[in-house]
Amino acid sequence: MNIKTFRRKDMNNSSKAKHSMGKRTQRIKTFLCFFLIAVMLLPLIPEGTLYVDALNNTFGPVTSATSSVNGSYITGKPGVYIVGDGYVITWVTSFKGIGWLTYTKNGQEVTVYDERNGILRSFDNIHTVKVPEEDYQYLCNGYTVHSKEVTSHDYAATAYGVECSYTTKLKDTKPGVNEDVDLLTLTDVHGTAARANNAFGNYKNYFSDISYDPNIVVFSGDVVSYLDETTLKQMFEMMGNSTYGQYPIVYCRGNHETRGVYATKILEYFPTKTGELYFDFTFGSLWGVVLDTGEDKPATHEAYGHLANFEVYL
(Lines give C-alpha, C1' and ligand atoms only; values in the text may rest on other atoms or scores of the structure.)
Protein backbone atom coordinates (compact mmCIF):
# COMPACT_ATOMS: atom_id res chain seq x y z
CA MET A 1 0.00 0.00 0.00
CA ASN A 2 2.77 2.38 0.95
CA ILE A 3 4.80 1.40 -2.13
CA LYS A 4 1.88 2.06 -4.45
CA THR A 5 1.28 5.45 -2.83
CA PHE A 6 4.95 6.35 -3.24
CA ARG A 7 4.91 5.42 -6.89
CA ARG A 8 1.72 7.37 -7.51
CA LYS A 9 3.21 10.47 -5.89
CA ASP A 10 6.40 10.00 -7.88
CA MET A 11 4.46 9.81 -11.09
CA ASN A 12 2.48 12.93 -10.15
CA ASN A 13 5.65 14.86 -9.38
CA SER A 14 7.22 13.73 -12.66
CA SER A 15 4.11 14.81 -14.55
CA LYS A 16 4.15 18.22 -12.90
CA ALA A 17 7.84 18.70 -13.71
CA LYS A 18 7.24 17.79 -17.37
CA HIS A 19 4.28 20.16 -17.48
CA SER A 20 6.35 22.99 -15.95
CA MET A 21 9.20 22.41 -18.41
CA GLY A 22 6.70 22.36 -21.24
CA LYS A 23 5.32 25.74 -20.21
CA ARG A 24 8.83 27.21 -19.99
CA THR A 25 9.69 25.78 -23.39
CA GLN A 26 6.51 27.27 -24.83
CA ARG A 27 7.38 30.69 -23.36
CA ILE A 28 10.86 30.52 -24.87
CA LYS A 29 9.44 29.54 -28.25
CA THR A 30 6.92 32.39 -28.07
CA PHE A 31 9.65 34.88 -27.14
CA LEU A 32 11.89 33.72 -29.97
CA CYS A 33 8.99 33.92 -32.39
CA PHE A 34 8.21 37.53 -31.45
CA PHE A 35 11.92 38.39 -31.47
CA LEU A 36 12.35 37.05 -35.01
CA ILE A 37 9.24 38.88 -36.17
CA ALA A 38 10.56 42.12 -34.65
CA VAL A 39 13.93 41.68 -36.37
CA MET A 40 12.21 41.03 -39.69
CA LEU A 41 9.97 44.08 -39.32
CA LEU A 42 12.70 46.49 -38.16
CA PRO A 43 13.71 47.58 -41.68
CA LEU A 44 10.05 48.45 -42.34
CA ILE A 45 9.84 50.93 -39.44
CA PRO A 46 9.74 54.41 -41.00
CA GLU A 47 12.44 56.90 -40.16
CA GLY A 48 11.29 59.28 -37.46
CA THR A 49 9.55 56.55 -35.45
CA LEU A 50 10.53 56.77 -31.80
CA TYR A 51 12.32 53.91 -30.12
CA VAL A 52 13.19 53.30 -26.46
CA ASP A 53 16.80 52.85 -25.40
CA ALA A 54 16.25 50.42 -22.50
CA LEU A 55 19.79 50.82 -21.18
CA ASN A 56 19.73 54.62 -20.96
CA ASN A 57 15.96 55.01 -20.64
CA THR A 58 15.90 57.56 -23.45
CA PHE A 59 14.01 58.06 -26.67
CA GLY A 60 15.37 58.71 -30.14
CA PRO A 61 14.58 58.44 -33.83
CA VAL A 62 15.06 55.22 -35.76
CA THR A 63 17.62 56.02 -38.43
CA SER A 64 18.72 54.28 -41.57
CA ALA A 65 22.34 53.82 -42.56
CA THR A 66 21.52 55.27 -45.96
CA SER A 67 19.45 58.19 -44.70
CA SER A 68 22.31 60.65 -45.15
CA VAL A 69 26.04 61.20 -45.01
CA ASN A 70 27.95 60.05 -41.92
CA GLY A 71 24.81 58.93 -40.13
CA SER A 72 23.54 62.49 -39.89
CA TYR A 73 20.46 64.04 -41.42
CA ILE A 74 22.53 67.11 -42.28
CA THR A 75 24.16 66.20 -45.60
CA GLY A 76 25.56 69.68 -46.21
CA LYS A 77 27.25 71.47 -43.32
CA PRO A 78 26.57 75.19 -43.05
CA GLY A 79 28.30 77.51 -45.49
CA VAL A 80 28.71 81.14 -44.38
CA TYR A 81 28.54 83.48 -47.38
CA ILE A 82 29.58 87.12 -47.61
CA VAL A 83 26.84 88.87 -49.62
CA GLY A 84 27.58 92.58 -49.09
CA ASP A 85 25.00 93.42 -46.42
CA GLY A 86 25.32 90.50 -44.03
CA TYR A 87 26.09 86.81 -43.93
CA VAL A 88 23.93 84.15 -45.53
CA ILE A 89 24.13 80.73 -43.87
CA THR A 90 22.94 77.79 -45.94
CA TRP A 91 22.84 74.08 -45.10
CA VAL A 92 21.29 70.94 -46.62
CA THR A 93 19.30 68.10 -45.04
CA SER A 94 18.31 64.67 -46.32
CA PHE A 95 14.66 65.47 -45.61
CA LYS A 96 12.40 68.39 -46.52
CA GLY A 97 11.27 70.60 -43.69
CA ILE A 98 11.83 73.80 -41.76
CA GLY A 99 15.15 75.31 -40.66
CA TRP A 100 16.39 77.90 -38.20
CA LEU A 101 19.61 79.28 -36.75
CA THR A 102 20.41 80.09 -33.12
CA TYR A 103 23.30 82.03 -31.59
CA THR A 104 23.90 84.08 -28.46
CA LYS A 105 24.03 87.87 -28.54
CA ASN A 106 24.64 89.90 -25.38
CA GLY A 107 23.57 86.94 -23.27
CA GLN A 108 20.31 86.43 -25.15
CA GLU A 109 19.55 83.65 -27.63
CA VAL A 110 18.78 84.89 -31.13
CA THR A 111 16.68 82.74 -33.48
CA VAL A 112 16.59 83.37 -37.22
CA TYR A 113 14.11 81.32 -39.26
CA ASP A 114 14.32 80.21 -42.87
CA GLU A 115 11.21 82.08 -43.97
CA ARG A 116 9.78 84.09 -46.82
CA ASN A 117 7.15 86.77 -46.29
CA GLY A 118 6.52 85.67 -42.72
CA ILE A 119 6.01 81.98 -43.61
CA LEU A 120 8.50 79.26 -42.68
CA ARG A 121 9.74 77.38 -45.72
CA SER A 122 8.70 73.79 -45.06
CA PHE A 123 9.22 71.75 -48.23
CA ASP A 124 12.86 72.12 -49.17
CA ASN A 125 16.13 70.32 -48.43
CA ILE A 126 18.12 73.56 -48.67
CA HIS A 127 17.79 75.96 -45.73
CA THR A 128 18.87 79.60 -45.81
CA VAL A 129 19.00 82.36 -43.19
CA LYS A 130 20.59 85.81 -43.20
CA VAL A 131 22.45 87.42 -40.30
CA PRO A 132 23.31 91.15 -40.03
CA GLU A 133 26.93 92.16 -40.60
CA GLU A 134 27.22 93.50 -37.06
CA ASP A 135 26.56 90.02 -35.64
CA TYR A 136 29.72 88.55 -37.17
CA GLN A 137 31.52 88.32 -33.83
CA TYR A 138 28.62 86.42 -32.27
CA LEU A 139 28.89 83.79 -34.99
CA CYS A 140 32.57 83.48 -34.06
CA ASN A 141 31.46 82.59 -30.53
CA GLY A 142 29.35 79.73 -31.86
CA TYR A 143 26.09 79.05 -33.65
CA THR A 144 23.76 76.13 -34.32
CA VAL A 145 21.66 75.29 -37.37
CA HIS A 146 18.48 73.29 -36.76
CA SER A 147 16.08 71.46 -39.06
CA LYS A 148 12.84 69.56 -38.53
CA GLU A 149 11.20 67.29 -41.06
CA VAL A 150 7.70 68.20 -42.25
CA THR A 151 5.94 65.03 -43.36
CA SER A 152 2.65 66.66 -44.30
CA HIS A 153 1.13 70.11 -44.31
CA ASP A 154 -2.60 70.41 -44.81
CA TYR A 155 -5.04 73.25 -44.31
CA ALA A 156 -4.98 73.24 -40.52
CA ALA A 157 -2.59 70.44 -39.57
CA THR A 158 1.16 69.96 -39.87
CA ALA A 159 2.91 66.66 -39.12
CA TYR A 160 6.58 66.59 -38.15
CA GLY A 161 9.24 63.91 -38.30
CA VAL A 162 12.86 63.88 -37.20
CA GLU A 163 14.81 66.89 -35.93
CA CYS A 164 18.54 67.49 -36.21
CA SER A 165 21.12 70.19 -35.50
CA TYR A 166 24.77 71.04 -36.12
CA THR A 167 26.88 73.32 -33.93
CA THR A 168 30.08 75.04 -34.97
CA LYS A 169 31.67 78.50 -34.86
CA LEU A 170 33.06 80.86 -37.43
CA LYS A 171 36.80 81.48 -37.29
CA ASP A 172 37.58 85.15 -36.73
CA THR A 173 39.55 85.70 -39.93
CA LYS A 174 38.48 89.30 -40.55
CA PRO A 175 41.69 91.21 -41.45
CA GLY A 176 42.69 94.33 -39.57
CA VAL A 177 44.22 97.50 -40.98
CA ASN A 178 47.66 96.94 -42.59
CA GLU A 179 47.29 93.16 -42.27
CA ASP A 180 47.89 90.84 -45.20
CA VAL A 181 44.84 89.21 -46.75
CA ASP A 182 44.99 85.58 -47.81
CA LEU A 183 42.38 84.09 -50.12
CA LEU A 184 41.95 80.40 -50.85
CA THR A 185 40.32 80.02 -54.26
CA LEU A 186 38.60 76.83 -55.42
CA THR A 187 37.34 76.68 -58.97
CA ASP A 188 35.94 74.23 -61.53
CA VAL A 189 35.05 71.53 -59.02
CA HIS A 190 32.29 70.42 -61.43
CA GLY A 191 30.32 68.34 -58.96
CA THR A 192 33.20 66.28 -57.60
CA ALA A 193 33.16 66.71 -53.83
CA ALA A 194 36.57 65.05 -53.45
CA ARG A 195 38.16 67.86 -55.47
CA ALA A 196 36.91 70.51 -53.09
CA ASN A 197 37.72 68.51 -49.96
CA ASN A 198 41.16 67.50 -51.19
CA ALA A 199 42.05 71.01 -52.28
CA PHE A 200 41.12 72.48 -48.93
CA GLY A 201 42.74 69.59 -47.06
CA ASN A 202 45.99 69.92 -49.01
CA TYR A 203 46.02 73.63 -48.31
CA LYS A 204 45.61 73.02 -44.58
CA ASN A 205 48.27 70.30 -44.58
CA TYR A 206 50.74 72.56 -46.41
CA PHE A 207 50.47 75.15 -43.67
CA SER A 208 50.14 72.66 -40.81
CA ASP A 209 53.45 73.74 -39.29
CA ILE A 210 52.08 77.21 -38.55
CA SER A 211 48.75 78.48 -37.32
CA TYR A 212 47.44 79.63 -40.66
CA ASP A 213 43.93 80.17 -41.98
CA PRO A 214 42.69 81.91 -45.11
CA ASN A 215 40.72 85.07 -44.48
CA ILE A 216 38.17 84.07 -47.10
CA VAL A 217 37.49 80.96 -49.19
CA VAL A 218 36.49 81.93 -52.73
CA PHE A 219 34.49 79.56 -54.92
CA SER A 220 35.02 81.18 -58.29
CA GLY A 221 32.49 79.28 -60.33
CA ASP A 222 31.59 75.92 -61.87
CA VAL A 223 31.06 74.21 -58.54
CA VAL A 224 28.72 71.99 -60.57
CA SER A 225 28.32 71.51 -64.32
CA TYR A 226 24.63 72.52 -64.48
CA LEU A 227 21.79 73.14 -62.07
CA ASP A 228 18.79 70.91 -61.42
CA GLU A 229 17.18 69.92 -58.13
CA THR A 230 19.94 67.43 -57.30
CA THR A 231 23.00 69.42 -58.37
CA LEU A 232 21.77 72.59 -56.65
CA LYS A 233 21.81 70.66 -53.37
CA GLN A 234 25.22 69.23 -54.25
CA MET A 235 26.61 72.70 -54.87
CA PHE A 236 25.70 73.95 -51.40
CA GLU A 237 26.75 70.63 -49.84
CA MET A 238 30.24 70.86 -51.33
CA MET A 239 30.81 74.47 -50.31
CA GLY A 240 29.57 73.79 -46.77
CA ASN A 241 31.29 70.44 -46.27
CA SER A 242 34.67 71.73 -47.40
CA THR A 243 34.61 74.73 -45.04
CA TYR A 244 32.68 73.17 -42.08
CA GLY A 245 30.82 76.43 -41.47
CA GLN A 246 34.06 77.88 -40.08
CA TYR A 247 35.36 80.02 -42.93
CA PRO A 248 33.55 82.89 -44.67
CA ILE A 249 32.85 82.16 -48.33
CA VAL A 250 32.66 84.42 -51.36
CA TYR A 251 30.75 82.72 -54.18
CA CYS A 252 31.07 83.82 -57.81
CA ARG A 253 28.77 82.23 -60.37
CA GLY A 254 30.48 80.31 -63.16
CA ASN A 255 29.19 79.93 -66.68
CA HIS A 256 28.11 76.33 -66.00
CA GLU A 257 25.83 77.52 -63.20
CA THR A 258 23.85 79.50 -65.77
CA ARG A 259 22.70 76.22 -67.29
CA GLY A 260 19.95 73.87 -66.21
CA VAL A 261 16.33 74.23 -65.16
CA TYR A 262 17.31 75.41 -61.64
CA ALA A 263 19.77 78.08 -62.84
CA THR A 264 17.26 80.81 -61.97
CA LYS A 265 16.88 79.59 -58.37
CA ILE A 266 20.32 80.46 -56.93
CA LEU A 267 19.19 83.82 -55.60
CA GLU A 268 16.42 82.14 -53.60
CA TYR A 269 19.16 80.68 -51.39
CA PHE A 270 21.74 83.42 -51.85
CA PRO A 271 20.12 86.84 -51.22
CA THR A 272 22.81 89.44 -51.91
CA LYS A 273 23.12 93.17 -51.28
CA THR A 274 22.00 94.01 -54.82
CA GLY A 275 19.50 91.20 -55.37
CA GLU A 276 21.78 89.99 -58.17
CA LEU A 277 24.85 87.77 -58.33
CA TYR A 278 27.17 90.78 -58.64
CA PHE A 279 27.83 92.97 -55.61
CA ASP A 280 30.57 94.63 -53.57
CA PHE A 281 31.48 93.88 -49.97
CA THR A 282 33.77 94.85 -47.13
CA PHE A 283 35.34 92.37 -44.75
CA GLY A 284 37.51 94.04 -42.18
CA SER A 285 40.08 96.08 -44.08
CA LEU A 286 39.27 94.26 -47.33
CA TRP A 287 36.98 95.73 -49.97
CA GLY A 288 35.99 93.47 -52.84
CA VAL A 289 33.78 93.28 -55.90
CA VAL A 290 32.12 90.08 -57.10
CA LEU A 291 31.54 90.05 -60.85
CA ASP A 292 29.03 87.93 -62.72
CA THR A 293 30.22 87.48 -66.28
CA GLY A 294 27.33 85.27 -67.34
CA GLU A 295 28.09 82.78 -70.10
CA ASP A 296 31.33 82.34 -72.04
CA LYS A 297 29.61 82.38 -75.42
CA PRO A 298 27.07 84.66 -77.11
CA ALA A 299 23.53 84.30 -75.77
CA THR A 300 22.45 83.20 -79.25
CA HIS A 301 24.63 80.10 -79.09
CA GLU A 302 22.69 76.89 -79.71
CA ALA A 303 23.94 75.40 -76.42
CA TYR A 304 21.55 77.67 -74.49
CA GLY A 305 18.43 76.76 -76.42
CA HIS A 306 17.36 80.41 -76.76
CA LEU A 307 17.13 80.74 -72.95
CA ALA A 308 19.99 83.22 -72.41
CA ASN A 309 19.66 87.01 -72.36
CA PHE A 310 22.87 88.22 -70.74
CA GLU A 311 23.24 91.35 -72.88
CA VAL A 312 20.25 92.85 -71.06
CA TYR A 313 21.21 91.42 -67.66
CA LEU A 314 24.75 92.77 -67.70
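This is a predicted model: local features need pLDDT of at least 70, side-chain atom pairs count only at pLDDT 80 or more; totals for chains, interfaces and linings use all residues.

Visitor: How many bridges join strand S9 to strand S10?

Guide: Strand S9 covers residues 143–153 and strand S10 residues 158–168, and the two run antiparallel. They form a hairpin with 4 residues between them, and His 153 stands opposite Thr 158 in S10. The number of bridges joining the two strands is 9.

Visitor: Is Gly 221 buried or exposed?

Guide: Gly 221 is placed in the loop between strand S12 (216–219) and helix H4 (229–243). Beyond residues up to four places away in sequence, Gly 221 touches Thr 187, Asp 188, Cys 252, Arg 253, Gly 254 and Glu 257, while its C-alpha lies 7.2 Å from that of Asn 255, a residue 34 positions apart from it in sequence. Because the relative accessible area of Gly 221 is 2% and the cut-off for burial is under 20%, Gly 221 is buried.

Visitor: What kind of aromatic pair do Tyr 81 and Phe 270 form?

Guide: The structure holds 11 aromatic pairs, and in the one formed by Tyr 81 and Phe 270 the ring centres are 5.6 Å apart, with 85 degrees between the planes. This pair links distant parts of the chain, since Tyr 81 belongs to strand S3 (residues 74–82) and Phe 270 to the loop between helix H5 (266–269) and strand S14 (279–283), 189 residues apart. Tyr 81 is buried at a relative accessible area of 1%, and Phe 270 is likewise buried at 1%. With planes over 60 degrees apart counting as edge-to-face, the pair is edge-to-face.

Visitor: Why is the pair of Tyr 87 and Tyr 136 called tilted?

Guide: Tyr 87 lies in strand S4 (residues 87–105) and Tyr 136 in helix H2 (residues 136–141), so the pair ties together parts that are 49 residues apart in sequence. Tyr 87 is buried, with a relative accessible area of 2%, and Tyr 136 is buried at 3%. Stacked rings would need planes under 30 degrees apart and edge-to-face rings over 60; the ring centres here are 5.6 Å apart, and the pair is tilted because its planes stand at 35 degrees.

Notes
Residues are numbered from 1 along each chain as its sequence is written. Side-chain values use heavy atoms; hydrogens and water are left out. Two strands pair if DSSP finds at least two bridges between them. Buried means under 20% relative accessible area, exposed over 50%, partly exposed in between (1.4 Å probe, protein chains only). Contact means heavy atoms within 4.5 Å. Rings of Phe, Tyr and Trp (its six-membered ring) pair if their centres lie within 6.5 Å; planes under 30 degrees apart count as stacked, over 60 as edge-to-face and the rest as tilted.
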